[in-house]
Amino acid sequence: MKRETPPAHVRGMNDLLPRETPHWQHIERVAREVFRRAGYREIRLPLVEEAALFVRCIGEATDIVEKEMYLFEDRNGDRLALRPEATAGCVRAVIEHHLEREGIQRLWYAGPMFRHERPQKGRQRQFHQIGVEVFGIPTPDLEAELLLLSDELWDALGLTGLVLEINTLGTAAEREQYRNVLLDYFRPHRGELEPDDARRLDRNPLRLLDSKSGPTRALLERAPPLADSLGPDSRAHWERVLELVTAAGVDYRVNPYLVRGLDYYTQTVFEWTSPALGAQSAVCSGGRYDNLVEELGGPPLPAMGWALGVERLVALVPAGRSEGPDAVVIPLGAQAEAECLALLRDLHRMLPGREIELSLGAGSLKARLKRADRTGARRAVIVGEDELKRGVIQVKVLVGARRTDFVPRAQLAEYLVGGIPADPSQ
Ligand code: ATP
Ligand code: MG
């Protein structure tokens, strides 16, 4: 027989194996609870949107739109894209369903995103985000709430050492003005820039601010600061943001070079990073986007949000100890097998929250006990012909001081939660 090449996963799109999913589920549970208690509600969006939505939202001259999108035509010839982020979809859904008419929208989402980047540690092509978006609030209390919310999430996950950097970009008009200031400043030095940054100067000069290239950084030291382009309203907004974030007890560092890679941001932008992550250090980032809803044809609706990378968070949050089942039910013989299914159903009903699994397949008691041990099971609940006759069940404690008890069937559930001592004389 000809041997087939076994299938492999698509590069950058990883499997999450059962040994990893409990860690993810823990993070998801904690996030869901942190959002719930702050009044956020979940929104679930399609993974696929019209490609044009992302181009209009994120901007033509961004890394995502220029080179990272998964684009395809479906069978109707519609130009679609796998979502590279979820803010665009949220904005579309808010507009489409007129959610703003139902009052302030505090939304959260979680799920996979797709970007065709070079896979490396902390960077995948299918990765996962958990994010929040709030619609309808123009005032700086929103910045404070969203930054507090992220900080509360780190607390709830037991994460320390994350660093918050924050900056303001002003209104769209002020940002545009600063863009021209930067252009005027950099143009005479175009020849000194590395090719990537020379291109940025032509396409999206603001991105020069977060360039890592030496010549650009040196030039930036003498560049006029963005703060000089802010009008009085933006300044007042920014000062109040910093006051309130301080009042919320969230530490931050103002980074005047932080611009973020998406075009839709106005006013406040921020990024949480971890020095423990190496090169891909950004864990969570976001900002205000006061014009986006209206630009897409919706009502004037100020908004702000953030998104975190779950893979990077998983790398930071200590994994809990994974525990085996509370008990494994082991039937010995055909009749016991039939009886054990009813027993299993009873135990699942009576002990919600406990993990009780059936010993599947064939094998001697010895072999089955060995398999149960491998799963880390704490008890073996054994039903054989003898037990059936006597109406009792044999329970072996598999951890710590090993022992065997015989328990009347009717008292098994109570025994398993430690409610009654077994009669060792049996
Ligand atoms: P980076 O600078 O690392 O490319 P970004 O600015 O593109 O990040 P955002 O679009 O703001 O990131 O997404 C929010 C978060 O999602 C990031 O802070 C990061 O934790 C995570 N993230 C983004 N792209 C990837 C990816 N390709 N793989 C894994 N996580 C990612
Ligand atoms: Mg990126």
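1. First, the term: a salt bridge here is a side-chain nitrogen of Lys or Arg within 4 Å of a carboxyl oxygen of Asp or Glu. Across the whole structure, a search finds 24 salt bridges. Please keep in mind that this is a predicted model, where local features need pLDDT of at least 70, side-chain atom pairs count only at pLDDT 80 or more, and totals for chains, interfaces and linings use all residues. Residues are numbered from 1 along each chain as its sequence is written, and side-chain values use heavy atoms, leaving out hydrogens and water.

2. Glutamate 42 pairs with arginine 44 in a salt bridge, with the closest N and O atoms 2.9 Å apart. For accessibility, buried means under 20% relative accessible area, exposed over 50%, and partly exposed in between (1.4 Å probe, protein chains only). Arginine 44 is exposed at 71%, while glutamate 42 is partly exposed at 36%.

3. Lysine 67 and aspartate 63 form a salt bridge at 3.8 Å, N to O. Both lie in helix H3 (residues 63-68), 4 residues apart, and so are separated by about one helical turn. Helices (H or I, at least four residues) and strands (E, at least two) are DSSP runs, numbered from the N terminus. Lysine 67 is exposed at 52%; aspartate 63 is partly exposed at 28%.

4. Aspartate 326 and arginine 378 meet in a salt bridge of 2.7 Å, N to O. This pair links distant parts of the chain, 52 residues apart. Aspartate 326 sits in the loop between helix H11 (310-316) and strand E12 (327-331), and arginine 378 in the loop between helix H13 (365-374) and strand E14 (379-383). Aspartate 326 is buried at 18%, whereas arginine 378 is partly exposed at 25%.

Methods
Chains lettered and ligands numbered in written order.
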